[in-house]
Amino acid sequence: PGGPRYTNRLVKEKSPYLLQHAHNPVDWYPWGQEAFDKAKKENKLIFLSVGYSTCHWCHVMEEESFKNKEIGEIMNKNFVCIKVDREERPDVDKVYMTFVQATSGGGGWPMSVWLTPDLKPFAGGTYFPPDDRVYRVGFRTLLLRIAEQWNQNKDALLENSQKIMEALQIQARIRGQAQESPPPSEEVMATCFQQLSKSYDEEYGGFSEFPKFPTPVNLNFLFTYWALHRTTPEGARALHMALHTLKMMAYGGIHDHIGQGFHRYSTDQHWHVPHFEKMLYDQGQLATAYTRAFQISGDEFFAEVAGDILLYVSRDLSDQAGGFYSAEDADSYPTATSGEKREGAFCVWTAKEIRTLLPDPVEGATEGTTLGDVFMHHYGVKENGNVSPAKDPHEELKGKNVLTVRCSVELTATRFGLEQGRLGALLRQGRQRLAAARAQRPRPHLDTKMLASWNGLMISGFAQAGAALAKEEYVRRAVRAADFLRRHLFDPSSGRLLRSCYRGKDNTVEQSAVPIQGFLEDYVFVIQALFDLYEASLDQGWLEWALQLQHTQDKLFWDPQGFAYFFSEAGDPSLLLRLKDDQDGAEPSANSVTVMNLLRAACYSGHMEWVEKAGQILAAFSERLLKIPIALPEMARASAAFHRTLKQVVICGDPQGEDTKDLLRCVHSVFCPNKVLMLDDGAGTAFLRRQLPFVSALERKDGKATAYVCSNFACSLPVTAPRELRRMLVP
């Protein structure tokens, strides 16, 4: 009495997404041998449902179907039902998403797939409504039809699933030939730039009409393209496209003006009405993109947005042990007494609420003006709400406002007869008051799972911002997170990374009974983070760990026949395909990022076989890079570094000396995509000197901190003045 009516095996899991389904009437199993054995023993089909805890349509399908007693009975009678958190098991997700995309032309979550007892897929899709609709078959109907097919046409169904698997295996082979050379980077870069330029929205920025995604991979490509073509019209356009997109995003409703950070994507062309969930991987990559925008433009606006993202993550996505949580949900209860969650409820406002919170008369403004008037004008607030009904099909945002900067500070100041500085203070006061009011609302669900890969992306965000903005507290936060990874997501006895850990009872950090081993992306994003952290902190311990992990990655994932790295390790019989990602999407693909990692690793270690591996990856993806590099902008960017060779910037000096700090500040202040930074202090850098004997020959000039810019281990003449160093970095 008083407890849940149903409880299934998921109650023993750690994943927040699986725990959300622990009290469904469906007899859910986690992915594993127990479920596979049951399917074989009872000769039953498997129904596989894949999602994640902050996925809006996953919640909808649970409410409509998985909580429905009658549908639950059909599922339990005819199928072995398995739930997978795609963030915990991206390997399983990728195998079956490959099938769904190949057979239905689309994909997404929740993903619903029917498998034979030996795990081969034969039918699938994404969200299904519970009952038949005009153009859509209902979930209940599908379950009954598929169960009937299995009973009546088992052999045909098995044969069909075998053919599907064979076709997928052929499609999954991305193969480079051993003798192939990488594609010419000039051609790859030029084609990628042209393809992005063609899809660019001149008015609002971004690279599609709608929905609009942040896609930091595109922006980073454009920054690199600009850096290599600074004096050309194409270079100028690349920079404009990136900076304008970042500005429009920061003004839009996709940016949380009250609670900081960025929502997942915009449902419209204007970056106005977002899908409200907030993902760690977006915050990490966008912090880096806004930092680079500041480095290039010198515009403080971009530095402020980077700081705003890092404030949000430090406050709302940080575990007390130092790790970063995965996400915040889009849906929440509008009030403490509400019975139903609504999308965006935590973030939206009525005009009346804002007037009530900001009634103060504004001195010096036109007569009768209140703080509410100024705030509502600047943020596009309308009396009846500012969300178009077309963007609100379920009427969850009716009468509500998503704050979006509609006017420049100059225009708003002129409208009310205020000085710009005064207006800035008034808007800040308004935002603080709304933030205090919002803190009283029920918060959205927080996914407290901590993933190695996404923590890596966030460490890079903090480390790069700390270095470029000269904010030591950001570097310290990155160090805390890297310490957390080493403590909780690394097994020192095997030298291997783990995929995930969880916030447990009493805020302790817990691990699942059988820890999930790290995937390729965990290694790649953590190695990238450790290189970024070394450059920001100059602590060689991070460099040593990065190089160790690179050796482990090679051992576990490298494909010696087809080149490039597999996403998952060999030897798991439940994984029907070993895949290699060939798309940079919301996150860059692991093979794209690893090209740059390998080049950096070679510069820090002298192991030239890593340069060879980088070339082999580019060769393996050669056809895609030449035809549709817009699908791999991060790899296209790395191809330029491969063909131009990285600059090794060596600073010889005492890390505490002001002259050393001046040279380091100079390096951090410029955007120079194809370089690595290292410090030789003569004493504590034995590791570097062991790896790179040429460093021992570099000396301080006249006893001052001295910089050398080296390429292929041959160095320039020494310089001691930051402006001379700057000229060498930015020719």
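The structure is a predicted model, in which local features need pLDDT of at least 70 and side-chain atom pairs count only at pLDDT 80 or more, whereas totals for chains, interfaces and linings use all residues. Residues are numbered from 1 along each chain as its sequence is written, and side-chain values use heavy atoms, with hydrogens and water left out.

Helices (H or I, at least four residues) and strands (E, at least two) are DSSP runs, numbered from the N terminus. Helix α21 covers residues 590-605 and helix α22 residues 609-620; they pack at an angle of about 160 degrees, with their axes 8 Å apart. That angle makes α21 roughly antiparallel to α22. Angles over 145 degrees count as roughly antiparallel, those under 35 as roughly parallel, those from 65 to 115 as roughly perpendicular, and the rest as oblique. Axes are lines fitted to C-alpha atoms, for helices over the stretch in contact, and angles run from 0 to 180 degrees between N-to-C directions.

On the α21 side, N591, T594, V595, L598, L599, A601, A602 and S605 meet W610, V611, K613, A614, I617 and L618 of α22. The residues of this contact divide into 10 nonpolar, three polar and one charged. Here Ala, Val, Leu, Ile, Met, Phe, Trp, Tyr, Cys and Pro count as nonpolar, Asp, Glu, Lys and Arg as charged, and the others, Gly among them, as polar. Contact means heavy atoms within 4.5 Å.

## A second pair: α5 and α7

Helix α5 (residues 90-104) packs against helix α7 (residues 154-172) at an angle of about 100 degrees, and their axes are 11 Å apart. The two helices are therefore roughly perpendicular to each other. In this contact, T98, F99 and A102 of α5 meet I164, L168 and Q171 of α7. The residues divide into four nonpolar, two polar and no charged.

## A covered helix: α14

Helix α14 (residues 371-378) is mostly covered, with six of its eight residues buried. Buried means under 20% relative accessible area, exposed means over 50%, and partly exposed lies in between (1.4 Å probe, protein chains only). The buried residues of α14 are L371, G372, V374, F375, M376 and H378. Their cover includes α13 (351-357), α15 (409-416) and α16 (420-438). After α14 comes G380, whose phi is positive, near 65 degrees.

## Buried and exposed residues

Q464 is located in helix α17 (residues 452-468), and it counts as buried at 18% relative accessibility. Its side chain is joined to that of R292 by a polar contact of 3.5 Å. A polar contact is a pair of N or O atoms within 3.5 Å; within protein, one must be able to donate a hydrogen and the other to accept it, and residues adjacent in sequence count only if both atoms are side-chain atoms. Leaving aside neighbours within four places in sequence, Q464 is in contact with T288, T291, R292 and D532.

K41, in helix α2 (residues 33-42), is exposed, with a relative accessible area of 76%. The C-alpha atoms of K41 and P117 are separated by 8.9 Å, although these residues are 76 residues apart along the chain. A697 lies in the loop between α26 (686-691) and β20 (706-711) and counts as exposed at 61% relative accessibility. Between the C-alpha atoms of A697 and A327, which are 370 residues apart along the chain, the separation is 48 Å.

## Backbone features in loops

Most residues other than glycine have a negative phi, and most peptide bonds are trans. The peptide bond from W109 to P110 is cis, with omega near 5 degrees, and P110 is found in the loop between α5 and β4 (111-115). A cis peptide bond also joins F210 and P211, with omega about -5 degrees; P211 lies in the loop between α8 (185-199) and α9 (216-228).

T215 is not a glycine, yet has a positive phi of about 35 degrees; T215 is placed in the loop between α8 and α9. A564, also not a glycine, has a positive phi of about 70 degrees. The loop between α20 (540-557) and α21 holds A564, which is buried, with a relative accessible area of 0%.
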